Amino acid sequence: LPISVSAVDDEGILESHSISICNALSQTKILPDQQQTKLQCLSEASISNPTTVHSDLPLAEIESHAAGQLFNNCSLISGSNANLSSTFNNLENKDIWHFACHCRFNTEFPENSELILADKESLTMMDILQYPWKNTPSLVVLSACDSAKFDQRQPSEFNGLVSAFQDIGAKGVIASLWKVDD
């Protein structure tokens, strides 16, 4: 359940509560001293429902528009505009990267796992690792089936799309281990 649609006493949870996420207990000593950044101060890039040979994802665009309303600075590309070049341009200098698209995990060669884009293009794990990023995101949201899968032949190594985003500097990644209906 996305936090943004959660409610307490008929009021959105983000409007009535301060939310902190802690990945490790060692971080708890620094959380009270830091001021939470307001969502309006962050910027988001959203890549939504690229036109592909796969089934259409109409709810992906609704999701991206709803998420984008939380930020003052949001850029959204979708449909045939969501190709590799515009994806790279859209992501630069954004705090949050949001992908609402199809994902294909390659069990034999995880480095070839990909987020499916328009024009029969894709963003692969290797593309993510090799692109000369000027800035990296605080958060990556992969609203795509199987996007959190990793190479289980080497369980000591977390080799997949999530690890690629973390390797380039993303502080957090939200992804799915399963197939999800649109």
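This is a short tour of the structure above, one selection at a time.

**Before you start**

The model is predicted: local features need pLDDT of at least 70, side-chain atom pairs count only at pLDDT 80 or more, and totals for chains, interfaces and linings use all residues. Residues are numbered from 1 along each chain as its sequence is written, and side-chain values use heavy atoms, with hydrogens and water left out.

**Stop 1: the open sheet**

Select β6, β7 and β8. Helices (H or I, at least four residues) and strands (E, at least two) are DSSP runs, numbered from the N terminus. These strands form an open sheet of 3, in the order β6-β7-β8, with antiparallel pairing. Two strands pair if DSSP finds at least two bridges between them.

Which strands stand at the edges? They are β6 (103–104) and β8 (122–124). Each has a single partner strand, so one side of each is left without a neighbour in the sheet.

Now show β7, residues 114–116. Its link to β8 consists of 3 bridges, and the two strands run antiparallel. Pick L115 and look across to β8: L123 stands opposite.

**Stop 2**

Buried means under 20% relative accessible area, exposed over 50%, and partly exposed in between (1.4 Å probe, protein chains only).

Next, centre on F99. Contact means heavy atoms within 4.5 Å. Leaving out residues up to four places away in sequence, F99 touches I47, T87, L91, L115, L123, V140, V141, L142, S143 and F165.

**Stop 3**

Select C101 and C103. Both are buried: C101 has a relative accessible area of 3%, and C103 has 12%. How many disulfides does the whole structure hold? The search finds 0. A disulfide is a pair of cysteine sulfur atoms within 2.5 Å. The closest cysteine sulfur to that of C101 is in C103, 7.3 Å away, which is too far for a bond.

**Stop 2: the salt bridges**

The structure holds 3 salt bridges. A salt bridge is a side-chain nitrogen of Lys or Arg within 4 Å of a carboxyl oxygen of Asp or Glu.

Go back to the sheet and select E114 and R104. Their side chains meet in a salt bridge (2.7 Å, N to O). The pair links distant parts of the chain, with E114 in strand β7 and R104 in strand β6, 10 residues apart. E114 counts as buried at 15% relative accessibility, whereas R104 is partly exposed at 40%.

Now move to D146. Is D146 buried or exposed? D146 is buried, with a relative accessible area of 7%. D146 forms a salt bridge with K149, the closest N and O atoms being 3.7 Å apart. K149 is partly exposed, at 31%.

K179 lies in the segment after β10 (172–174), D146 in the loop between β9 and α5, and 33 residues separate them. K179 is exposed, with a relative accessible area of 67%. Finish with D146, K149 and K179 all shown: salt bridges that share partners join them into one network.
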